[in-house]
Structures are given as structure tokens and as C-alpha cells.
Amino acid sequence: MFPEPGARLSRFETPVQVNPREFLQSRILTGSMPDEYIWDSTIADIVSGLAHHYMDHDIFPAFSGVSELKFSAHILTTAILAGVVSPVAFAQSNAPFTVAENGQRFYSLSEAVEAIGARKGTIVIAPGAYGDCAVQTEGQITYRAAVPGKAILDGGICEGKAALVLRGRSAIVDGIIFQNQRVPDGNGAGIRLERGNLTITNALFRNSEQGLLTADDASGNIVIDRSTFQRLGRCDRGLSCAHSIYIGDYGSLIVTNSRFEKGNGGHYVKSRAPRITVTNSSFDDTQGRTTNYMIDLPAGASGVISGNVFVQGQNKENWSAFVAIAAEGRKHSSAGLNIHSNSASLAKGVERKTWFVADWSGDKMRIANNSLGRGLTRYEKR
């Protein structure tokens with residue numbers, strides 16, 4: 001028999017007021033009920049419903065090797081309350097965030113990050129859309145979709161910055177979709193990188209103010225491969241522009257086999273890193289709105305821009321160049337920057353004259369073997 005309504009459960013000591021239903025269900029699922037609570041019809045209904053759920057899904061993690069046993073909802077409920085069957089074990093059976101190294105499962109991405117702490121670990125994210133966010137302050141963590149393209153971080157923001165705020169030793173993001181990140185200051189990002197190395201592979205960033213925004217870390221390196229950045233950026237509300245990706249004064253940036261398209265403002269790639277590689281990627285501005293440069297290296301940079309396809313659309317805030325070098329000052333040398341074997345053109349129906357590369361640095365660089373469409377001039381010193 002269930003206890004009578006109003007009965008105290010003797011294993012607890014401190015009386016507390018019964019909380020609303022959703023709060024109670026969350027506390028029961030996570031095993032974090034207060035030290036004492038009053039048994040009433042609401043709690044009975046919640047726990048009974050949980051018991052039915054776990055029976056329906058054949059989930060009996062606390063009874064390994066006894067799959068032939070049959071439990072009634074009443075018996076299972078009583079067992080949960082008595083502590084024979086752990087509610088945490090039941091909850092974790094369907095939790096979407098799994099620490100791969102030990103199989104621990106969590107309903108909260110931030111709890112999974114905290115569980116890894118200063119160690120090295122991998123969080124596997126089950127298919128689904130989640131309003132979660134997390135702050136990584138230490139360790140080396142890989143965030144990996146169990147099925148690439150099926151794990152979505154949708155709109156969640158931590159610290160008023162991003163879905164993932166990263167300032168640990170390093171992070172890898174693999175197969176995850178980031179979308180709908182917006183904040184009052186206009187810099188809502190899928191990822192805010194503040195320190196450490198970052199590798200992004202097979203990811204999609206869309207419909208946010210920024211895809212990736214970083215602070216400065218001269219010792220850090222960023223690698224982006226096989227990823228798409230779509231409907232990002234903004235230049236409105238009297239705020240500083242946001243960009244598809246904006247890299248601060250980091251050690252280096254490498255972008256390969258990636259796609260940038262349908263920008264909503266700002267630049268597609270803006271990087272203050274002294275070393276840059278952008279290869280075998282596409283910049284399709286055909287459906288862009290009030291966008292600026294395809295690649296902006298505002299402080300100058302050395303490296304390689306090669307094998308890319310650039311198409312400039314009609315709706316531009318600034319159409320005066322595809323690639324801009326040191327437009328905000330020559331902090332880093334651009335000597336030896338090698339821009340070669342790219343294709344650049346205007347979208348169908350766009351009639352204007354513009355420049356492929358605009359250079360404020362005055363450094364000697366190589367610009368060769370690029371295929372330029374009508375209306376484009378190879379280089380202009382500014």
C-alpha cells in the first residue's frame with residue numbers, strides 16, 4: 001500500500017513544503033528530493049507515472065540479470081521510494097548526455113561537463129534538440145553527436161554568451177548543430193572560445209548572431225573542417241557587427257572543406273590571428289543580406305588562401321572587396337600570404353566593378369592563378 005496522504009516518510013528529517021509538480025518530477029528523476037517531504041496524491045501520481053514509464057520501456061538497471069522478473073507499477077513505485085531501486089538509475093537510462101569513458105548519463109549537458117572536470121573525456125549527445133548550454137573551465141572535452149547532424153543545441157545560452165563557453169585546455173566539437181543563439185548585446189554564438197585549442201568537424205551553425213566568437217589566446221589554435229555556417233551575422237540596432245565567425249588574436253586559424261552562406265550581416269570569416277589557412281571551402285553570398293567581406297584579416301596575417309570558391313551577391317553593405325588585408329591596422333605581417341587557385345565571381349544579375357583582394361598592409365604577398373569573373377580586378381592597394 002502507498003502511505004496515506006499527509007503521512008511523513010520516516011527516513012527523512014527536515015520538513016519542507018511540497019513544491020509544484022514539474023519541480024517534484026525533476027527532483028525525483030535526479031535523485032535530489034529534499035531531506036523530508038510529505039507524501040500526498042501529487043507525489044504518488046508522479047512516482048506511479050514514472051514507474052509505469054520505466055516498465056513500458058523495460059528499464060530495470062538496478063536488477064541486472066533478472067530480466068524475467070515482472071514488476072507491478074505499485075511494487076516498483078514502492079521500491080523507488082524505499083531506496084531499493086535508485087531513481088537516479090532510472091532517470092539516467094534515458095538521459096541524452098553520456099560520458100563515454102564510464103557510461104555515466106546525464107539529463108544536463110553542464111552536469112556532464114562537470115563530471116569530466118579537469119580530466120580528458122568525451123560527451124556523446126543523443127539525437128534530439130536541447131535548450132542546454134555549458135561552460136567548460138578545465139579539462140579536454142570532446143562534444144560528439146551520437147548520430148552526426150541529429151544532435152541540436154537550440155537556443156540555450158550560458159553566461160549571456162553562447163551554447164558552449166569554452167575556457168578549458170582544449171575542446172573538440174563533432175557532428176553537432178548549433179542554432180538560434182541570440183543575446184541582448186547582439187553577440188549570441190554557438191560557441192564562445194575564451195582559451196585553449198578548439199577543433200570543429202562536421203558541424204552546422206545556423207540562424208544565430210554568430211557561429212563562433214573567440215577572445216584572445218596567442219598560444220591557442222583553431223581548426224574548422226567539413227562544417228557549414230549559414231544565416232549568421234548582423235549589423236543592426238546600433239551595435240557592433242557580428243560575423244559568421246570572428247577569431248580574436250589567437251595563435252592560428254585553419255578552415256578546410258567548409259561552407260559559408262546566406263549571411264545576415266558582417267563578414268563571413270573575420271580573423272585577427274597572425275597565421276591563417278583557408279582552403280577548399282565555399283563562400284556563397286548569393287542570398288546574403290547586408291554582408292561585407294568574405295574574408296577579413298583586419299590586423300594582417302600570413303598563410304594560405306587557396307582552392308576556394310567565392311560568389312558575391314547583390315545585397316551588400318560593403319561590396320568593395322572579397323578579401324581584405326589589414327583594413328584596421330598592420331599588427332601582423334602579411335608578407336608571404338599566398339592567395340592562389342581560387343575562383344571568384346559575381347552572382348547572376350549582379351552588375352558592378354569590385355576587387356578580389358584589397359590590401360592596406362603594403363607587404364609583399366603572392367596573388368596568382370585565381371579565376372576571376374566579370375567585373376573583378378585582381379588587387380588594389382589601399
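Two strands pair if DSSP finds at least two bridges between them; strands (E, at least two residues) and helices (H or I, at least four) are DSSP runs, numbered from the N terminus. This is a predicted model, in which local features need pLDDT of at least 70 and side-chain atom pairs count only at pLDDT 80 or more, while totals for chains, interfaces and linings use all residues. Residues are numbered from 1 along each chain as its sequence is written, and side-chain values use heavy atoms, with hydrogens and water left out.

**Exercise 1. Follow the pairing of β15.**
In which sense does β15 pair with β18, and over how many bridges?

Solution. 
- Step 1: Find β15 at residues 217-225 and β18 at residues 250-256.
- Step 2: These two strands run in the parallel sense, with six bridges between them. One place to look is D217, whose bridge partner in β18 is Y250.
- Step 3: Now turn to β12 (residues 197-201), which also pairs with β15 in the parallel sense, over four bridges. Here T199 has V223 of β15 as its bridge partner.

**Exercise 2. Explain what K270 and E328 connect.**

Solution. 
- Step 1: A salt bridge is a side-chain nitrogen of Lys or Arg within 4 Å of a carboxyl oxygen of Asp or Glu. For K270 and E328, the N to O distance is 3.0 Å.
- Step 2: K270 belongs to strand β20 (residues 269-271) and E328 to the loop between β26 (321-325) and β27 (338-340), so the contact joins parts that are 58 residues apart in sequence.
- Step 3: For accessibility, buried means under 20% relative accessible area, exposed over 50%, and partly exposed in between (1.4 Å probe, protein chains only). K270 is buried at 8%, whereas E328 is partly exposed at 48%.

**Exercise 3. Widen the view.**
How many salt bridges does a search of the whole structure find?

Solution. 
- Step 1: The search gives 17 salt bridges.
- Step 2: Elsewhere, look at E159, K161, R167 and E194, which salt bridges link into a network.
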